[in-house]
Amino acid sequence: MGAVEVRDGFTALYGAEPEGVWSAPGRVNLIGEHTDYNDGFVMPFALPHTAVAAVSRRTDGILRLHSADIDAGVVELRLDALRPQSDKEWTAYPAGVVWALREAGHPVTGADIHLASAVPAGAGLSSSAALEVVVALALNDLYELGLPPWRLARLCQRAENVYVGAPTGIMDQTASACCEDGHALFLDTRDLAQRQIPFDLAAEGMRLLVVDTRVKHAHNEGEYGKRRAGCEKGAALLGVDALRDIAYDDLDAALARLGDEEEVRRLVRHVVTEDQRVERVVALLESGDTRAIGPLLTASHVSLRDDFRVSCPELDLVVDTALAAGALGARMTGGGFGGSAIVLAGAPDVDTLTKAVEEAFAAAGFTAPRVFEAVPSPGARRIS
Ligand code: GLA
């Protein structure tokens with residue numbers, strides 16, 4: 001939905017024009033998976049799909065929320081009654097952002113918000129981060145808080161970790177807040193140092209497809225927490241702050257030190273090799289050798305499947321089918337256990353690959369996937 005519809009929707013609901021309209025995108029992660037809570041490297045880019053919010057300030061300590069996507073009417077909340085993990089509905093994301101801003105001492109005194117999102121929900125494409133970031137940016141502008149995008153991302157992560165209660169890393173919110181059109185974001189999640197890497201596949205005769213498997217396996221959140229705890233155990237056993245501190249060249253020695261801690265060894269091997277793959281992808285893109293990143297994407301998938309164990313039959317089927325049909329590389333993207341995969345392909349091969357994946361899903365008796373092309377798009381911004 002565009003700025004005009006969301007503006008009109010706000011006016012119809014609340015009886016006055018909004019003070020402004022903002023948008024924030026979903027993301028795909030090109031490479032660097034399950035590294036962000038290990039202080040490692042990630043490389044997401046913004047999707048053209050965005051969450052859009054029309055917003056006005058209030059001075060009476062009331063937050064009113066409405067979503068064009070959910071048939072739940074206007075939800076009215078008192079700011080002084082916002083409590084972490086008290087809300088299990090979609091409203092926890094925008095309310096959590098208001099809570100996090102106020103908890104950090106920012107003088108937000110209320111808001112009327114009308115939201116609409118085109119980011120597919122439950123597809124591993126950061127629809128919740130888009131909701132958080134669009135609200136954070138709107139309030140930052142309206143209340144003249146002067147917070148830089150990376151700081152808004154941190155506050156949104158706090159909303160998600162503490163208010164919503166999901167133990168995620170910093171990648172999704174930073175991607176939504178900081179990505180730039182035509183670029184992938186090389187992000188060091190330890191200090192949020194950033195480098196925008198030009199990523200124009202079309203100019204080089206390539207395409208990147210997103211395949212949303214449309215499955216979300218039930219154990220998703222518990223398993224994410226277990227992986228995170230396993231990584232923290234690995235760092236503790238190895239005497240480092242985070243697995244990011246294990247250099248690739250020291251991996252064998254680190255694995256030897258972990259002895260018979262087989263599960264931790266696998267997690268450590270994934271994180272340390274994945275960080276190195278991100279650095280190699282950055283080097284290839286910066287030297288103009290984009291086609292050569294394909295095998296690194298595939299190696300990332302193999303590591304996530306076999307060592308980190310966060311893939312699932314549907315994601316593996318996308319990757320195997322795409323590679324057999326001539327893709328340059330393919331991998332799951334996001335947290336795993338369902339959600340989406342990405343496929344790097346030569347431009348002429350896109351239709352054949354799409355058909356091959358659709359047919360393989362039909363033959364396996366899986367729900368038909370949703371396939372679309374991903375083009376690196378702008379990060380969060382004011383649109384009216
Ligand atoms: C989810 C989390 C991110 C990140 C990825 C895995 O998307 O929200 O913080 O950990 O999983 O890379």
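Biologist: Which residues are buried in α5?
Modeller: They are M171, D172, Q173, T174, A175, S176, A177 and C178. Buried means under 20% relative accessible area, exposed means over 50%, and partly exposed lies in between, with a 1.4 Å probe and protein chains only. This is a predicted model in which local features need pLDDT of at least 70, side-chain atom pairs count only at pLDDT 80 or more, and totals for chains, interfaces and linings use all residues. Residues are numbered from 1 along each chain as its sequence is written, and side-chain values use heavy atoms, with hydrogens and water left out.

Biologist: Where is helix α5, and how many of its residues are buried?
Modeller: Helix α5 spans residues 171–178, and eight of its eight residues are buried, so the helix is mostly covered. Helices are DSSP runs of H or I with at least four residues, strands are DSSP runs of E with at least two, and both are numbered from the N terminus.

Biologist: What lies 2.6 Å from an oxygen atom of the ligand?
Modeller: That is a polar side-chain atom of D36. G169 brings a polar backbone atom to 2.9 Å from a ligand oxygen atom, and a backbone N or O atom of G335 is 3.4 Å from an oxygen atom of the ligand. The protein covers 93% of the 310 Å² of accessible area that the ligand has on its own. Such areas come from the Shrake-Rupley method with a 1.4 Å probe, and for residues only the protein chains shown count as cover.

Biologist: H34 was also on the list. Where is H34?
Modeller: H34 sits in the loop between β1 (20–29) and β2. Its phi is near 60°, a positive value in a residue other than glycine. H34 counts as buried, at 5% relative accessibility.

Biologist: Which other residue has a positive phi of about 60° although it is not a glycine?
Modeller: Q85 is one of them, and it lies in the loop between β5 (75–78) and α2 (92–103). Q85 is partly exposed, with a relative accessible area of 45%.

Biologist: Changing topic: which strands form the open sheet?
Modeller: Three strands form it, in the order β2-β7-β8, with antiparallel pairing. β2 (41–42) and β8 stand at the edges with a single partner strand each, so one side of each has no neighbour in the sheet. Two strands pair if DSSP finds at least two bridges between them.

Biologist: How many bridges join β7 to β8?
Modeller: Six bridges join β7 (residues 183–188) to β8 (residues 193–198). Among them, D188 partners A193, and L185 partners Q196. The hairpin has four residues between these strands, and L192 takes a positive phi near 60° there.

Biologist: How many disulfides does the structure hold?
Modeller: It holds zero disulfides. C156 is in none, as the nearest cysteine sulfur, that of C178, is 10 Å away. A disulfide here is a pair of cysteine sulfur atoms within 2.5 Å. C156 is buried, with a relative accessible area of 1%.

Biologist: Lastly, what does the side chain of S340 reach?
Modeller: It reaches the backbone oxygen of A123 at 2.7 Å. This is a polar contact, meaning a pair of N or O atoms within 3.5 Å; within protein, one must be able to donate a hydrogen and the other to accept it, and residues adjacent in sequence count only if both atoms are side-chain atoms. S340 is found in strand β11 (residues 338–346) and is buried, with a relative accessible area of 0%.
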